[in-house]
Amino acid sequence: MFGEYVYDHSPALYSDFILINDSEGLNSRTDYINAFAVHGFEIVEYKDDLSFRIEYEKNLKCGKGKIAVLNEKKAYIPYDILQRLSIYAVSLHTLFPKLNSDVLQHKSIMDLDLLTMVISNNYENLLRREETEQYFDTIVYSKSNLSAYFSERFKTILSKLNAMPSYKEWYRIAEEKALIDRYSIQYGLNIDTQKINVLFQDYVMKFFGTLSTKNDEDTPVLVSRTMEYMHEHSDKFVIVVMDGMSEFDWNIISESFGGIEYEQSAMFAMIPSTTSISRQCLLSGKFPSQLWEPWIQSKEKAEFTACAKALGYTDSQIGYARGYDAEFNAFVKCGAVIINDVDDLVHAQPQGRLGIPGFLAPYRRFLCGCHQRLESRCAAGVC
């Protein structure tokens, strides 16, 4: 939505050759440039004069195709090239001139999406910080606006499902569903996403058996490939397992990760996805039928150790621990840390999802604290 808003305010309706000067780096936060690609523009990231002339000057002279040149690095562009392009300066101030730009700088892509749905009805200057914040609280985050926004996102998911999504696309669908569920419960929007569960069940029944043949450079496809994947991509690694968190729970906890750099990916759990089975498969590199004791966890450490040894690690290089205070010596190259608290609390939560945000708050603080302690240990040379 924000991308379409940027596109609609650009010269794209009357010009096929556009220079987008993005001095605030908005595209890196919102990926609005994708809206131009959807409308048939070839996206060009401007790097330097020479490479641009070699690849695109002929197109400009001949009037061939549609080109959107993205200049995020404030690079110098020669006058003769500028003459052939319609210049479009993208900034939060020019897009929303009646709101406080400093406040908008700290808003998420979802916030900006919501804003574009109501901004056309605002005729007042709300340039003071408190005025813009109040506008978000009362208008942008209103129940009716949120309901319309997430209902539209839900319809988009259903349209993707009609196109038979691949296993990778299901990762993104799961994230989208979690976001909708979270805000639906938080604001009482009553958006029922159960249909996605039904369609996912159909997908699993038909295609889960084929996932063991899939290979992905970015992530294991099944949890049983995790140990092998980590071994191939790391000389020294620790797997920290916090059971019991669905995408819904992760959506809440990850809100507190603003100062933490991390990459997020996903994989498929084993069926059945109970802790005793799926976690043992993750740590042992086995399928459920291969586990020594699939329904209990008494053999979990032994399964993990056997897997690590099969990958080439010695006893002194293998570490397995439980709880928050786990520490391994400098010889350990393959470790696992198990934290059960979230799993225990989720199963004991009498209010269901309504009670999740409250009891997960301490774990947001815990994870951020872990990150700070890890940084301190690394700075001291003991990481």
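Analyst: Happy to. A residue is buried with under 20% relative accessible area, exposed with over 50% and partly exposed in between, using a 1.4 Å probe on protein chains only. This is a predicted model, where local features need pLDDT of at least 70 and side-chain atom pairs count only at pLDDT 80 or more, while totals for chains, interfaces and linings use all residues. Residues are numbered from 1 along each chain as its sequence is written, and side-chain values use heavy atoms, with hydrogens and water left out.

User: Is Asn197 exposed, partly exposed or buried?

Analyst: Asn197 belongs to helix H12 (residues 194-207), where helices (H or I, at least four residues) and strands (E, at least two) are DSSP runs numbered from the N terminus. Its C-alpha atom is 9.5 Å from that of Ala174, 23 residues away along the chain. With 32% relative accessibility, Asn197 is partly exposed.

User: What share of the residues of the protein chain counts as buried?

Analyst: The protein chain has 18 helices and seven strands. Among contacts (heavy atoms within 4.5 Å) with a separation of 6 or more, 64% are between residues 24 or more positions apart. Of the 383 residues of the chain, the buried share is 44%.

User: How many salt bridges does the structure hold?

Analyst: A salt bridge here is a side-chain nitrogen of Lys or Arg within 4 Å of a carboxyl oxygen of Asp or Glu. One of them pairs Glu131 with Arg128 at 3.3 Å, N to O, and Glu131 is partly exposed at 22% relative accessible area. The number of salt bridges in the structure is 14.

User: How many residues apart in sequence are the parts that Glu133 and Lys107 tie together?

Analyst: Glu133 and Lys107 form a salt bridge whose closest N and O atoms are 3.5 Å apart. Glu133 lies in helix H9 (residues 129-140) and Lys107 in the loop between helix H7 (101-104) and helix H8 (109-118), so the parts tied together are 26 residues apart in sequence.

User: Of Glu133 and Lys107, which counts as buried?

Analyst: Glu133 has a relative accessible area of 29%, which makes it partly exposed. At 12% relative accessibility, the buried one is Lys107.

User: Why do the buried residues of H13 sit on the same side?

Analyst: In helix H13 (residues 226-233), the buried residues are Thr226, Met227 and Tyr229. The arc is taken from the directions that run from the helix axis to the C-beta atoms. These residues are on the same side of H13 because the arc they cover around the axis is only 160°.

User: How much space lies in the second largest pocket?

Analyst: On a 1 Å grid over the protein atoms alone, a pocket is an open set of points with protein on both sides within 12 Å along at least five of seven lines, whereas a cavity is a set where a 1.4 Å probe fits but cannot get out; lining residues have an atom within 4 Å of a point. Grid points are joined across faces, edges and corners, and a volume is the space filled by probe spheres set on the points. For the second largest pocket, that comes to about 1,600 Å³.

User: Which element gives the largest share of the lining of the second largest pocket?

Analyst: The lining has 42 residues, and those closest to the pocket centre are Ile109, Met110, Arg153, Arg172 and Leu179. Elements that give two or more residues to it include helix H1 (2-8), helix H10 (143-162) and helix H11 (167-187). The largest share, seven residues, comes from H11.

User: How many residues of the lining of the second largest pocket are charged?

Analyst: Ala, Val, Leu, Ile, Met, Phe, Trp, Tyr, Cys and Pro count as nonpolar, Asp, Glu, Lys and Arg as charged, and the others, Gly among them, as polar. The lining has 17 nonpolar and 10 polar residues, and the charged ones number 15.

User: What is the phi of Met164?

Analyst: Met164 is in the loop between H10 and H11 and is exposed, at 56% relative accessible area. Although Met164 is not a glycine, its phi is positive, at about 55°.

User: Which residue does a cis peptide bond join to Ile271?

Analyst: The omega of this bond is about 0°.
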